[in-house]
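Subject: Structure handover

Hello,

Here is the structure we talked about. Please open it first, then read my notes below.

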Amino acid sequence: MQAQKIKLDTANTESSTVYPILFIIGLVHLLNDALQSVVPALFPVLQNSMGLTFTQLGLIAFTLNATSSLIQPVVGIMTDKRPSPYALPFGLTLSLFGIIGLALASNFWVIIISVVFIGLGSAAFHPEGSRVAYMAAGNRRGLAQSIYQVGGNSGQALAPLMAAYILLPLGQIGVLWFTVVAAAAVILLFYIAAWYKQQVSNPIRPVKQKNTTLTKRSEKGIENKRIITFSICLLIFLVFARSWFHAGITNFYAFYAIENYGIPIADSQLYIFVFLGAGAVGTFFGGPLADRFGKRLIISLSMLGSAPLALLLPFVGPIFAYILVAIIGFIILSSFSVTVVYAQELVPGRIGLVSGLIVGLAFGMGAVGSVALGVLADWVGLTDTILFTVCLPFIGLLTFLLPSDQKVREMHQ
């Protein structure tokens, strides 16, 4: 017990990485995002059992994204001012209630209310979960954020499998199986919250001391603030574009494959699973690569490296398309965790806020891209929509406007 206490007390130092905490928070991230993925995976069931229209399904998706993503920066601001360790299990408890409501819902409005609970639980979890990963990282911030984010990406990748093997055979009541997932997440988060509480009660907090140089009223300090503000805005735009690409592939490429390859619906879902699964692997490797070669470089390569391959995707056959979506998913999502760490180092004293902006607001606004791309598909056709989607990674050229890792370090010295 004494050895464990010593290990936990060193978590905030630059040299100590608390791997058990990182793996647990990564696992809970997987469970949380798997719970979120239940909602879109249930759409075919709800459409058949309740006769919901595409507009109603769109409202359900919008409600989930509005509550789970768009309010994350607000949660981040609040927890930056007052860290809230037990917001983690409280949030997943809300998700547990939402899952129960979703399984037993008899009409559209009960579904909406249940989805609000799931979304609020996720919004409470993400900024604080990212803070836990930051606190436990030591000097391996890229790796730590990768462990955390790969859990979320893996949870999202489970959606096509959940739809095919659980929800379609069992129907709406099959959602009750996910109460076990939610309950397990709550239990694990009570352990995390106890560790988190111990860290914030520790008076030695070198993480927050790094922001003192930004308060100096000097010409250099003002210029640094301008660079940081520009860089954060540009990062949000880059994540926004990447999220639109992500939405285009996950929401519309299956329809493109059905239309162009003549394959059944179940087979078309495999393309999405391959894309998301490879993306989860890429997310894991992106962090360690960024620790070694630099964060801005990995962010640039993830978008520009995937751009030419994405352009090829609409013109290849069904077999080669599997290979391409895997490589594209691996490359473009390799910067998922890296972008968060880069933003955290730009504004080291506002971990919750920048995590909410990058993971929450930017990614949530990308969900709006699903609606926009759907309108575009109705307007100009599915093929032209896919062609527009595969051009989005070229926006990665703007990454060269970001300050180098060395410049970021110098601004905070």
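A nonpolar core here is a set of buried Ala, Val, Leu, Ile, Met, Phe, Trp, Tyr and Cys residues joined through side-chain atoms within 4.5 Å. Buried means under 20% relative accessible area, exposed over 50%, partly exposed in between (1.4 Å probe, protein chains only).

The model is predicted: local features need pLDDT of at least 70, side-chain atom pairs count only at pLDDT 80 or more, and totals for chains, interfaces and linings use all residues. Residues are numbered from 1 along each chain as its sequence is written, and side-chain values use heavy atoms, leaving out hydrogens and water.

Cores. The largest nonpolar core has 52 residues. Ile60 and Leu102 have the most contacts inside it. Helices H2 (19–41), H4 (54–70) and H6 (87–104) are among those that each supply at least two of its residues. Helices (H or I, at least four residues) are DSSP runs, numbered from the N terminus. Apart from this core lies another, of 31 residues, including Trp244 and Phe252.

Aromatics. There are twelve aromatic pairs. Rings of Phe, Tyr and Trp (its six-membered ring) pair if their centres lie within 6.5 Å; planes under 30 degrees apart count as stacked, over 60 as edge-to-face and the rest as tilted. Phe125 and Tyr148 make a tilted pair, 6.2 Å centre to centre, with 40° between the planes. Phe125 sits in helix H7 and Tyr148 in helix H8, 23 residues apart. Both are buried. Elsewhere, ring pairs link Tyr253, Tyr256, Tyr261, Tyr271 and Tyr322 into a cluster.

Best wishes
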